[in-house]
Amino acid sequence: MKFTLSWLKDHLETDASLDEITDTLTDLGLEVEGVEDRAARLKDFTIGKVLKAEKHPDADRLRVCQVATDEGEKQIICGAPNAREGITVVVAKPGVYVPGIDTTIGVGKIRGIESFGMMASEREMELSDEHDGIIELPSGEVGQSFVEWLAENDPAKVDPVIEIAITPNRQDALGVHGIALDLAARGLGTLKPLPKAHVEGQYPSPITISIDEDTRTDGCEVFAGRLIRGVTNGPSPAWLQDRLRAIGLRPISKLVDVTNFFTFDRNRPLHVFDADKVNGNLRVHRAAEGDTLVGLDEKEYTFSAGQVVISDDDGIESIGGIMGGLSTGCTDETTNVFLEAAVWDRVQIAMTGRALKINSDARYRNERGIDPAYNMQAMEDAAQMIVELCGGDVSNVTFAGEVPDTSRAYKLDPARVQSLVGMEIPEAEQRQTLTALGFRLEGDMAHVPSWRIDVQGEADLVEEVARIASLTKLKGIPLKRIGDGVPKPVMTPMQRRQQAARRTTAALGYNELVTYTFIDEASAALFGAEGDATRLENPISTDMNVMRPALLPGLLQAAARNQARGYMDLALFEVGPAFHGGEPGEEHLLVSGVLIGNTGPKDVHGQSRPVSVFDVKSDAEAVLAAMGAPAKVQILRGAQSWWHPGRHGKICLGPKKVLGVFGELHPKVLSAMDIRGPAMAFTLWPDEIPLPRKSGASRSALDISDLQAVERDFAFVVDADVEALTLVNAAAGADKALIEEVRVFDEFIGGSLGEGKKSLAITVRLQPRAATLKDADIEAVSAKVVEKVAKATGGALRG
């Protein structure tokens with residue numbers, strides 16, 4: 001929303017400076033996005049006087065002028081028809097930038113005669129579209145700054161332009177009057193009363209209006225209009241053109257400029273039809289599928305069934321509340337005009353505007369909400385302005401529908417206001433604030449003004465009081481302690497686990513991602529999503545129509561985008577929820593990470609290598625340890641289908657208690673996700689980690705044995721398809737109390753073993769707790785290891 005300082009002062013009597021106004025607007029919630037100093041681009045122009053003007057010897061239309069400037073007499077060649085001796089002009093000396101022609105003036109020769117500057121026209125200085133001749137000033141001293149002259153004689157042309165950001169709930173600030181109302185309520189000036197015009201109708205309007213029954217409730221609530229005969233259209237007066245041009249609008253004609261003026265001055269979109277081009281009467285109705293209209297922007301629009309339009313007997317002439325039609329638009333030849341003001345359904349306007357991809361000032365305001373109570377008075381005010389500028393005879397007002405009743409009231413509780421705001425605001429000040437904003441107070445009930453559609457409850461009254469009182473006056477007050485001593489931790493065990501997982505994974509060299517919880521259906525299917533339980537009814541896009549069943553799809557999509565841009569070595573992780581249903585609670589917390597590419601860049605030491613399953617195994621175990629998982633776990637097979645069948649492992653506390661999965665992802669999944677090269681990954685379930693038995697802050701005593709550990713090596717001959725993991729788990733189960741660790745240190749295939757056989761060598765570490773192991777104890781455990789392995793794998797000790 002843009003407006004000039006002088007425009008604001010038409011509604012607000014104030015002596016406040018520009019800085020005070022902009023600071024106050026931001027404090028009121030109308031954030032100032034920028035202030036355009038229109039004088040800055042004209043600061044180098046000065047006033048001069050033409051002392052002599054002679055015809056150019058080699059050009060009939062050029063004059064060689066001697067011009068008095070602040071730097072003495074200068075020779076300037078000019079082609080303007082009004083260049084003559086004795087006039088006061090605006091001079092651009094060499095080195096001055098002229099915005100209207102985007103040129104910096106230099107010394108040059110024109111038809112062999114040197115010119116030392118330029119005498120400017122209004123268009124060349126972007127003051128107006130006038131370019132029939134150079135500027136002739138009625139006053140001014142030689143050498144005086146042109147900006148200073150404008151400030152004294154025509155301040156509107158160098159008026160600062162203020163631009164504010166409008167939040168969706170402040171539609172009342174889409175008019176300059178509404179902005180002035182806020183500033184006056186803050187005490188930055190006095191609001192000037194709006195004049196209420198009344199133009200007596202001289203005859204019945206020959207054009208009548210009707211609204212179809214199915215359009216009254218959620219299409220158009222009231223539609224009013226009146227005919228004005230015998231108008232003289234043409235360029236608007238300078239003050240109106242200056243205002244529209246200052247805020248970025250192009251002046252078109254008196255009739256159109258009046259409607260634009262009311263749009264920005266009162267937040268009241270209007271429309272004018274060329275009455276001579278309207279055939280019959282006007283009807284507001286819903287379009288049929290395939291109906292078309294050429295709009296004022298000369299584009300053809302095709303309507304869907306149900307969109308609200310305005311038609312005459314020949315067909316559709318306007319898109320209700322959004323844009324008029326080209327065929328009934330006003331031109332300089334218009335002599336009879338039909339003025340229209342209506343109240344439209346906001347949702348209908350938004351849906352139609354979005355479907356037709358039209359962004360107009362009328363749509364912007366009508367879909368946010370205008371003051372319905374001002375509809376009929378707007379007809380009077382606009383009609384009077386048209387008659388003042390264009391002349392004409394005005395008909396009676398004709399209308400259809402009824403102005404909607406928006407009256408409502410909410411209780412003002414002064415004590416509750418102070419409690420919520422946290423400031424001492426006397427009751428009298430609260431009531432004065434609301435009264436200044438247009439509320440009507442009866443006892444403790446505040447009646448909401450018709451232009452404040454956003455006020456829908458008691459909480460909004462609190463917001464209005466706080467806004468005007470200024471939240472910058474809030475003073476920080478420390479919260480009182482709930483109890484004495486050190487406060488108890490506020491984080492839950494799951495929150496602490498998430499924090500530990502994030503810190504540990506990041507410390508391992510992974511980069512954290514925060515991906516969308518919605519993914520595409522194809523990716524979800526790769527990771528086990530079935531049925532419609534997690535499908536969204538109203539997705540924001542077709543690529544985000546399913547709630548993610550795992551974190552890995554988002555990580556792999558991010559990895560694919562990075563690989564497409566040349567980043568091949570990746571370590572990514574995420575901590576967040578995944579979903580196994582669409583109901584509340586049907587979600588589970590996951591920690592997932594992926595490793596792709598090499599462990600590092602190439603170097604002379606040859607330390608770079610492709611990432612392996614054991615890299616993610618080590619990382620997964622480190623993260624589990626940080627979250628408090630037991631040190632002794634089992635590694636089992638049988639994870640989901642997106643894992644490589646022979647290169648993964650489940651980290652378990654038992655067959656049914658799975659803490660996580662690590663391994664290589666299935667090549668089919670990587671191909672579908674456009675991932676190049678093998679990818680290693682892990683997924684952990686923090687919720688599955690048992691909570692510690694003791695919840696105190698102190699650590700338990702270090703449990704370490706002072707007895708000598710013993711290691712024994714075993715080599716087993718097994719079938720070639722026997723997994724090493726099966727053998728390790730069997731050996732570890734021989735004596736769970738005594739065996740501390742089992743690890744594979746060698747594999748041999750071929751030689752004397754024969755076809756289909758291999759040798760696996762393991763080390764079994766025994767850690768006694770009660771007494772030093774004797775040979776008999778060691779032999780007994782060794783026998784159990786051999787027995788367990790033989791039973792689980794069918795293997796035997798290698799001879």
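These questions and answers test the labels given to side-chain contacts in a predicted model.

Q: Why are Trp7 and Phe261 called a stacked pair?
A: Their ring centres lie 5.7 Å apart, and pairing needs centres within 6.5 Å. Stacked means under 30 degrees, so the label holds.

Q: What makes the Trp7 and Phe261 pair a link between distant parts of the chain?
A: Trp7 belongs to helix α1 (residues 5–9) and Phe261 to helix α7 (residues 254–265). They are 254 residues apart. Both Trp7 and Phe261 are buried.

Q: Why is the pair of Tyr510 and Phe682 called edge-to-face?
A: The angle between the planes is 80°. Edge-to-face takes angles over 60 degrees, so the pair qualifies. The centres are 5.9 Å apart, and the limit for pairing is 6.5 Å. Tyr510 sits in the loop between α14 (493–507) and β30 (511–512), and Phe682 in strand β38 (residues 679–684). Tyr510 and Phe682 are both buried.

Q: What makes Arg229 count as a charge over the ring of Tyr203?
A: Its charged end sits over that ring, 4.2 Å from the centre. The distance limit is 6 Å. Arg365 lies over the face of Phe264 in turn, at 4.4 Å from the ring centre.

Q: How do you know that Asp172 and Arg452 form a salt bridge?
A: Their closest N and O atoms are 3.5 Å apart. The cut-off is 4 Å, so the contact counts. The two residues stand 280 residues apart in the chain.

Q: Why are Asp172 and Arg452 called buried?
A: Asp172 has a relative accessible area of 8%, and Arg452 has 1%. Buried means under 20%, so both get the label.

Q: What makes Glu521 and Arg535 a salt bridge, and what does the pair tie together?
A: The N to O distance is 2.9 Å, and the rule asks for within 4 Å. Glu521 lies in helix α15 (residues 521–526) and Arg535 in the loop between α15 and β32 (546–547), so the bridge ties together parts 14 residues apart in sequence. Glu521, at 38% relative accessibility, is partly exposed. Arg535, at 33%, is also partly exposed.

How values were computed:
Residues are numbered from 1 along each chain as its sequence is written. This is a predicted model: local features need pLDDT of at least 70, side-chain atom pairs count only at pLDDT 80 or more; totals for chains, interfaces and linings use all residues. Side-chain values use heavy atoms; hydrogens and water are left out. Rings of Phe, Tyr and Trp (its six-membered ring) pair if their centres lie within 6.5 Å; planes under 30 degrees apart count as stacked, over 60 as edge-to-face and the rest as tilted. Helices (H or I, at least four residues) and strands (E, at least two) are DSSP runs, numbered from the N terminus. Buried means under 20% relative accessible area, exposed over 50%, partly exposed in between (1.4 Å probe, protein chains only). A charge sits over a ring if NZ of Lys or CZ of Arg is within 6 Å of the ring centre and within 35 degrees of the ring normal. A salt bridge is a side-chain nitrogen of Lys or Arg within 4 Å of a carboxyl oxygen of Asp or Glu.
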